[in-house]
Amino acid sequence: MEEIQTQKFDAVVIGAGPAGVAAAVTIARGGAKVLLVERSQIAGTKNMIGGAVFLDAFKQIFPSNWQQAPFERYINKHTWSLLTDDSAVELSCDFPNNPKSASIYRSKFDNWLVEAAKQEGVYFAPSTLVKRLIKINGRYCAIETELERIEANIIILADGVNSLLARKYGLRYDYEPKDIVLSVKETIKLSRETIEERFNIKKDTNNGVSINFLGGLKLEKAPFALGFLYTYTDCISIGLGVNLEDLNKYQLNPSDLLNRLKEHPVLEPLIENGELIEYSAHLIPEGGYKKLPKLYDNGVMLVGDAAGFVNGIHFEGTNFAFISGKLAGETALLALKIKDYSKKTLKLYRKKLNNSFILKDLKSYQDVMDNLYSRKNSLMEYYPKKASEFFSIFTGANCIAKRDEFRKFLVDFVKDRNLRELLKDIWAFISSVFGVLK
Ligand SMILES: Cc1cc2nc3c(=O)[nH]c(=O)nc-3n(C[C@H](O)[C@H](O)[C@H](O)COP(=O)(O)OP(=O)(O)OC[C@H]3O[C@@H](n4cnc5c(N)ncnc54)[C@H](O)[C@@H]3O)c2cc1C
C-alpha cells in the first residue's frame, strides 16, 4: 500500500466550479496559500449549465479580465413562453446594449476560471477526488484523497449539488424529492447563419437569446416543469427541469418530456435539421431558504450549490456561486489573520450572506416555488390555454363582433374556473408577490 503523504496549506477549496474558484482566488489575492482540488482532469467537464453565466457577479470576481472569458453569445433578449398543445403566448424583453448574461460551455469556461486563478497564485490539483474530511478536537483541519492527506486551517466545500462530503459529515441533510429538480439538456448544432436567421439575431454579432417555457407537454397530468433554450455561437441548448417528486409520482421519463418539448409545433422549426452533439443531465437544488444546510462549522464553510444557493424562478445559480465563494474567501482571510478558525469567527460568513442578495433573495422567495408548485395545474395548463384563446380572438379577425367574442370568453372563463380554484390562484399570486417585496 502506498504511504499517505501530508502537505499543508492555509486553505483548501474542494471543487473548481464558479463557487470554488471565486473562494480560492479571493484567498490567494489576500496573500494566503490556497489549494483548489478538483476531481475532473479538466475543470468543467463533469459540470452542466442551461445556460448562461450572470455577468455582474462574474465581473466582481474577475474585474480586469472578465471579457477574455470564453463566452459564446451575450444574452440580450429574454422570452417567456406559455405553451398550449399547439400555440404559444410570449412576452419578451430585449437589451441589445446591456446584456445581463452570456452563454458558455462549462468545459471551456470552468477551465478558463482555473487558469485565471492559477495566474493569481492559486495551487490547483486536478484529477483529485476528496474522499474524507479530517476532524481533530472538534475542528475540520485536513482532507484526504486516495493518496494524500492535506492539512488546512480552513476548508471550503464547493463540491456542488450532491456535496457527498457535507452529507457524510452531517453538515447537510439529504434533500426531499420535492426540493430537487432533475434537468436534462441537448446541445444541437446549427450553422451560425441559421441561428441568426431563426432567432432574429443581428448578423455577425455575438448577441443571443434565451427562451423559458411553461406547459406544452401534451400530458393529461402535467408535471411541474420549466423548459429552456439558449443560443450559442453555432449551437443551441434545449432542455427542461422537472421536480423529482413529480417524476416519481407520474412515473415520467425526463428524456420523453424533452422530446415532447422538442416536437412542439412552435419549437420544432427552431431546431429543425440540427445535429445532436451532446446530451446531459444534472440536479439542481431548489430547497431554498427553508432547506439551508449548516453553512459553517469549526474550520469549514459551504458555498454555491453545495449550500443550496439557487433561485430557480430566475434560473440563477452562477451569481450565487461566485458571490458566496467570494464572501467565504473574505471570511477565511480574516480567520487566517487572527488565527481563529472556529465557528466563532466563521459566523462572519453567515453575517455577510445575510447582508448580501444571497440570503435576502432566498428568504424573500422561500414560499414562491411552493406556491407555484401548489398551483401547477393552473400554470401548466389552464392559463396557457386561456391566454392562447384570448390572443386567438385578439388577432383572429374572424368576422364575429369582438364584443360577442370577448363576452363569451369572459363568461366561459368564469364558468370553467371553479371559484375556489380561482381564489387559490389569486392567493398564491398575491402571497408570492408580497413575500418577495416584504
Ligand atoms: C440544466 C442547468 C441549467 C442551469 N442554468 C443556469 C443558468 O442559466 N444560469 C445560472 O446562473 N445558473 C444555472 N444553473 C446553475 C449553475 O450551473 C450552478 O448553480 C453553478 O454551477 C454552481 O456552481 P458551484 O461551483 O457551486 O458547483 P459546480 O459548478 O457543480 O462545481 C462543483 C465542482 O466540484 C467538483 N467536485 C465534486 N465533488 C468533489 C470531490 N469530492 N472532490 C473534488 N472535486 C469535487 C465537481 O467536479 C465540480 O467541478 C443551471 C444548472 C443546471 C443543472
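User: Where does Thr-187 lie, and what makes it partly exposed?
Analyst: Thr-187 lies in strand 11, residues 180–189. In this predicted model, Thr-187 has 19 other C-beta atoms within 10 Å. Buried needs 20 or more and exposed needs 12 or fewer, so Thr-187 ends up as partly exposed.

User: Which residues is Thr-187 in contact with, leaving aside its neighbours within four places in sequence?
Analyst: Those are Cys-235, Ser-237, Ile-277 and Glu-278. A contact asks for C-beta atoms within 7 Å. For Ile-277, which is 90 residues away from Thr-187 along the chain, there is also a C-alpha separation of 5.7 Å.

User: What makes Gln-251 exposed?
Analyst: Gln-251 has 7 other C-beta atoms within 10 Å. The cut-off for exposed is 12 or fewer, so Gln-251 counts as exposed. Its place is in the loop between helix 6 (244–249) and helix 7 (254–262). Gln-251 also has a positive phi of about 50 degrees, although it is not a glycine.

User: And why does Asn-273 count as exposed?
Analyst: With 10 C-beta neighbours inside 10 Å, and 12 or fewer being the limit, Asn-273 therefore counts as exposed. It sits in the loop between helix 8 (268–271) and strand 15 (275–285). Phi of Asn-273 is positive too, near 65 degrees.

User: What is there to say about the peptide bond from Gly-50 to Gly-51?
Analyst: That bond is cis, with omega near -15 degrees. Most peptide bonds are trans. Gly-51 is found in the loop between strand 2 (34–37) and strand 3 (52–54).

User: How do you know that strand 4 and strand 5 pair?
Analyst: Pairing takes at least two bridges, and strand 4 (residues 74–83) and strand 5 (residues 88–94) have seven, in the antiparallel sense. Ser-81 stands opposite Glu-90 in strand 5. The two strands form a hairpin with four residues between them.

User: What about strand 8 and strand 9: how many bridges do they pair over?
Analyst: Strand 8 (residues 132–136) and strand 9 (residues 139–144) pair over five bridges, again antiparallel. At least two would do. Lys-135 stands opposite Tyr-140 in strand 9. This hairpin has two residues between the strands, and Asn-137 takes a positive phi near 50 degrees in it.

User: Which residues have the most contacts inside the largest nonpolar core?
Analyst: That core has 122 residues, and those with the most contacts inside it include Ala-11, Val-12, Ile-156 and Val-303. Helix 9 (residues 318–338) gives the most to this core, with ten residues. Leaving aside its neighbours within four places in sequence, Ile-156 touches, among others, Ala-11, Val-13, Met-301, Val-303 and Ala-328. In soluble globular proteins, nonpolar side chains tend to be buried together.

User: Why does the radius of gyration agree with a compact globule?
Analyst: For 438 residues a compact globule would have a radius of gyration near 22 Å, and the chain has 24 Å, so the two agree. Buried residues make up 45% of the chain.

User: Which domains is the chain divided into, and how far apart are the centres of domain 1 and domain 2?
Analyst: There are domain 1 (5–69 + 106–175 + 290–364), domain 2 (178–285) and domain 3 (369–437). The centres of domain 1 and domain 2 are separated by 29 Å, over C-alpha atoms. Their contact takes 13 residues from domain 1 and 14 residues from domain 2. On the domain 1 side there are six nonpolar, five polar and two charged residues.

Note on methods. Residues numbered from 1 in each chain as written. Predicted model: local features only at pLDDT ≥ 70, side-chain atom pairs only at ≥ 80, totals over all residues. Core = buried A, V, L, I, M, F, W, Y, C linked by C-beta atoms within 7 Å. Contact = placed C-beta atoms within 7 Å. Rg over C-alpha atoms; globule rule 2.2 N^0.38 Å. Domains from an automatic or database assignment. Nonpolar A, V, L, I, M, F, W, Y, C, P; charged D, E, K, R; others polar.
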